[in-house]
Amino acid sequence: MTTSKMDQISESLSQGYFPQWAYSDEELYNSELEEIFGETWCFIGHETEIPDPGDYVRRYIGEDPFIFIRDEDGDVRVFFNSCRHRGATLCQTESGNASHFRCSYHGWTFNNSGNLVGVPQKHELYEGLDTEEWGLFEPPRVDSYRGLVFASLNEDIPSLETYLGDLAWYFDIVFGLTEEGMEVVGEPHRVSKEYNWKSGVENSCSDNYHFVTTHQSAVEAGAGSEEVAASDVKPHPFAHISGAAQASLYMRHDPPYDMFFGYTDLASDNLNPELSEEQIEIARNAVFFNCAVFPNMTVVLMPAKASPEKPAYPVLFVRLHKPLGEKETESWRWCMMPKETPEEDRRDITDAFMASFGSSGIFVADDQAAWERVTQPTDSVFADKFDVQLNYEVGKEEMSGDLDIYEEWPGPGEVTDGQMIDLGLRKFHKMWYNSLTGEASPHEAEVPR
Amino acid sequence: MRDMEIYLECREFYTDEAALLDNWEIDDWLDLLTDDVRYVAPLRETKERRDRAEEFSAEAFHFRDDKESLEMRVQKANHEYSWAHLPPVRDRRFVSNIKVLDQQEDELQTRSNLLVRLSERDIPEDTGVITCERFDTLRRVDGSLKIADREIFFDNTNFDFPLMIFF
């Protein structure tokens, strides 16, 4: 990366701006693939997607292909989807169950623990081959938290729990709300569009500002939930939370109210005994949660409806903005719910998820339209020549006054008291900058308020 | 001759239905659906065999709609600020390979292919084509055919277009 490009970016970030050209710069994109997706913890999938030995799905780190599989011993594994012989991709199917993978070219065969167990005519052709040296490649680090599996190509990266910092405490509340925890239901929805991956992630960095404009049509058609709009509900975006680019919780302020994000009885009857008093206090009054985990994984938990007359159901979904190029991204969305969810509610929750956030989801379609529009002018000569800066100044002192910190917050991190801020977006940019320059770890990103 | 009459009636119905959707007369399209309509499209994954039971999901759907949720989608699409529909895509439907599979007193089961060609904005290379196989139950209501049930099996597993039109 040229120093002058990063110097220009640094100057912009210090003012609460972001250079328009930086979204779709080809050199930056290639650096992102190496320095960001090639170095950080990247979300692979959830353990509940591969419940039985041999179960597998295809997943990616950046654009690189991997197999996410449970081996015969029941352990979760991640393998580079490339035969060790001549490199052909081994797994051609999106999901399934396999005890072995046999390459179509010369028949080299690997078991689902990645060991090379079959080399045709080995005695005649490969007598000296030590098969133990030729097993499938794995990323040097694979780790999970509450069933969320991440992999990293950086063998020195801190543990996932360390990397998640304060966010891990909130993941306990969201993914560990009930005793058995959350599970994925159904295959992920995948829709690509011409937007840069960063634009998608920014949406989950507490960009509360966009909601009323972007989602007006979906809300007025009846997809919105009254719970989020109730008069005593306040947004609390984090002014500081370690581990995340950003997180946000919406709380009801008229307790006692056993909301538990809308899970109500399902949560209170099956509450995880490991949760602390403070975690339960937050969960009890919570209506909405979202966060962005650097670089490109986001979580949303919010009430949604399949149609106006139906009740709202809590919909938890994990999203990944998989980069396909400087101006193209595929959005993956997984629907999740507590394992204890009764049969009659599973369908209702899935219906609510699909109507709002699936591939025909009326909420996400408008988001993707916005990101596409943001991405369109980014590779213009004009943006480069005139160094066009995009505005991320909400929450800066001169824009919105002092940060209104909510002092009674019982959890880690610092939350604002109902204030809209771009602080999370500025932090995401700084994390991105740190990763590209190597000046500091992404998690040491601090931004001026 | 009776079978040929039924076939021609179905073909006319599908031609008229496609014209309504091509011309964005989506409120009128809702009138072609029964009040208890089920309108679904399961997700598809690339598998080892071409086998509907294996490839298509039992749990995940691109949409699993009833009359109320379809009305919600139409209302959203008609909204002045439905950004996903601005500018509106120019979609055109080609229904073919129509087959009447079975018939009862007031219902028919049909199979058809649908090809939708999409033209987006002013960029020719944004042209998309979406194809699918549809299995319908058509019900005779007050003398006219209406869609009581539609199962859509897309050829694509993933899309570069949010599925904000009707198939």
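Start at the contact, which takes 46 residues from chain A and 37 residues from chain B; contact here means heavy atoms within 4.5 Å. The model is predicted, with local features needing pLDDT of at least 70 and side-chain atom pairs counting only at pLDDT 80 or more, while totals for chains, interfaces and linings use all residues. Residues are numbered from 1 along each chain as its sequence is written, chains are lettered from A and ligands numbered from 1 in the order in which they are written, and side-chain values use heavy atoms, leaving out hydrogens and water.

**Stop 1: the interface**

The size of an interface is often given as the accessible area lost when the parts come together. Between chain A and chain B, about 3,500 Å² is buried, and carbon and sulfur atoms give 50% of this. Buried area is the accessible area (1.4 Å probe) that two parts lose on being put together, summed over both. Select A:E187, A:R190 and A:S360: they supply 15% of the area that chain A buries against chain B, more than any other three residues.

Now show the charged pairs. Five salt bridges are counted between chain A and chain B. The term stands for a side-chain nitrogen of Lys or Arg within 4 Å of a carboxyl oxygen of Asp or Glu. Pick A:D366 and B:K76: their side chains meet in a salt bridge, 2.7 Å from N to O. Then select A:K193, A:E372, B:E120 and B:R121, which a network of salt bridges links. Over all chains, the structure holds 43 salt bridges.

**Stop 2: strand β13 of chain A**

Select residues 189-193 of chain A, which form strand β13. Helices (H or I, at least four residues) and strands (E, at least two) are DSSP runs, numbered from the N terminus. Why is β13(A) largely enclosed by the rest of the structure? Because five of its five residues are buried. Buried means under 20% relative accessible area, exposed over 50%, and partly exposed in between (1.4 Å probe, protein chains only). Look at both faces. A:H189, A:V191 and A:K193 are buried on one side, A:R190 and A:S192 on the other.

Five bridges join β13(A) to β19(A), and the two run antiparallel. Strands pair here if DSSP finds at least two bridges between them. The bridge partner of A:H189 in β19(A) is A:R333.

**Stop 3: a hairpin in chain A**

Move to β14 (residues 233-240) and β15 (residues 246-252) of chain A, antiparallel strands joined by five bridges. A:P237 stands opposite A:S248 in β15(A). The two strands form a hairpin with five residues between them. In the turn, click A:G243: its phi is positive, about 95 degrees. β14(A) also pairs with β21(A) (residues 414-415), antiparallel over two bridges. There A:F238 has A:V415 as its bridge partner.

**Stop 4**

Select helix α5, residues 166-175 of chain A. Ten of its ten residues are buried, so the helix is largely enclosed by the rest of the structure. Among them are A:W169, A:Y170 and A:F171.

Go to A:I50, in the loop between β2 (42-46) and β3 (55-61) of chain A. Is A:I50 buried or exposed? A:I50 is buried, at a relative accessible area of 0%. Not counting residues up to four places away in sequence, A:I50 touches A:D55, A:Y56, A:V57, A:F68, A:I69, A:R70 and A:V76.

For contrast, select A:V212 in helix α7 (residues 211-214) of chain A. A:V212 is exposed, with a relative accessible area of 63%.

**Stop 5: salt bridges within chain B**

Select B:R2 and B:E5. Their closest N and O atoms are 3.3 Å apart in a salt bridge. Both lie in helix α1 (residues 2-22) of chain B, three residues apart, about one turn of the helix. B:E5 is partly exposed, at 47% relative accessibility.

Next, select B:E17 and B:R150, whose side chains meet in a salt bridge (2.7 Å, N to O). This pair links distant parts of the chain, 133 residues apart: B:E17 in helix α1 of chain B and B:R150 in strand β6 (residues 144-154) of chain B. B:E17 counts as buried at 2% relative accessibility, and B:R150 is buried at 0%.

End at B:R52 and B:E133, a salt bridge of 3.0 Å from N to O. B:R52 lies in helix α3 (residues 52-55) of chain B and B:E133 in strand β5 (residues 128-141) of chain B, so the pair ties together parts that are 81 residues apart in sequence. B:R52 is partly exposed at 41% relative accessibility, whereas B:E133 is buried at 18%.
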